[in-house]
Amino acid sequence: MGSARKDKNGVGETGKLAAPPREYGTYDGCEDRTRDAFWAYLKHTLSHDHPNPERIGCPRHETLKRHARASRVDGRINKHLFQCSPCYRIYRGFARERMLEFLARDSVKEGAKANVE
Ligand SMILES: [Zn+2]
C-alpha cells in the first residue's frame, strides 16, 4: 500500500477521518473511538483550526444568531462556519443560548404538570 494522502484537515482519500493529532487528548489511550470523542474532536477543530484573522466573508452577529434559531439551514452560512473558527464559536454561543431556552421551557412545562397532578 502506498502512503495515504491527506488534506489539511486530516481527511484521507478514502474519506475516513484520520486519527486526530495527539494534542487533542480526546483519543489518547482510547482504542475505542466513541461518538462522544468524535464530536469533541470536531468541535475542537471547528473552534480552533480555521482562525480567519482578517475575518474574510464573515456574516454579522445578528445573521449568525438568526441562523442558530432558524428551522431551515442556510447552506452558505453553514459552509462559512466550517471555514471560520471565530464565527463558529459565536454561532455555538447562540446555539447554546437557544438550547438553554428550550430546556428552561421544558422544565417550566414539567413543573406545571406536577402542580396539576
Ligand atoms: Zn467568519
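Modeller: Before we start, a definition: helices (H or I, at least four residues) and strands (E, at least two) are DSSP runs, numbered from the N terminus. Arg66, for instance, lies in helix α2.

Colleague: What kind of model is this, and how are residues numbered?

Modeller: This is a predicted model, in which local features need pLDDT of at least 70, side-chain atom pairs count only at pLDDT 80 or more, and totals for chains, interfaces and linings use all residues. Residues are numbered from 1 along each chain as its sequence is written.

Colleague: How many helices and strands are there?

Modeller: The protein has four helices and zero strands, and its pattern along the sequence is α-α-α-α.

Colleague: What is the mean pLDDT?

Modeller: The mean is 77, with 68% of the residues at 70 or more; pLDDT is the predictor's confidence in each residue, from 0 to 100. Confidence is lowest in α1, at a mean of 85, and highest in α2, at 95.

Colleague: Where does pLDDT stay under 50?

Modeller: Over residues 6-27, for which the model has 25 contacts beyond four places in sequence. Two residues are in contact if their C-beta atoms, placed from the backbone, lie within 7 Å. Where pLDDT is low, the predicted coordinates should not be read in detail.

Colleague: Changing topic, what share of the residues is buried?

Modeller: Of the 117 residues, 9% count as buried. A residue is buried if 20 or more other C-beta atoms lie within 10 Å of its own, exposed if 12 or fewer, and partly exposed in between, with C-beta atoms placed from the backbone.

Colleague: Which residues make up the largest nonpolar core?

Modeller: Six residues do: Leu64, Leu81, Cys84, Cys87, Tyr88 and Tyr91. The largest share of this core, three residues, comes from helix α4 (residues 85-116). A nonpolar core is a set of buried Ala, Val, Leu, Ile, Met, Phe, Trp, Tyr and Cys residues joined through C-beta atoms within 7 Å.

Colleague: And which residues is Tyr91 in contact with?

Modeller: Apart from neighbours within four places in sequence, Tyr91 contacts Leu64, His67, Ala68 and Leu81. The C-alpha atoms of Tyr91 and Arg66, 25 residues apart along the chain, are separated by 9.5 Å.

Colleague: Why does Arg66 count as partly exposed?

Modeller: Because Arg66 has 14 C-beta neighbours inside 10 Å.

Colleague: Is Arg55 buried or exposed?

Modeller: Arg55 is exposed, because 10 other C-beta atoms lie within 10 Å.
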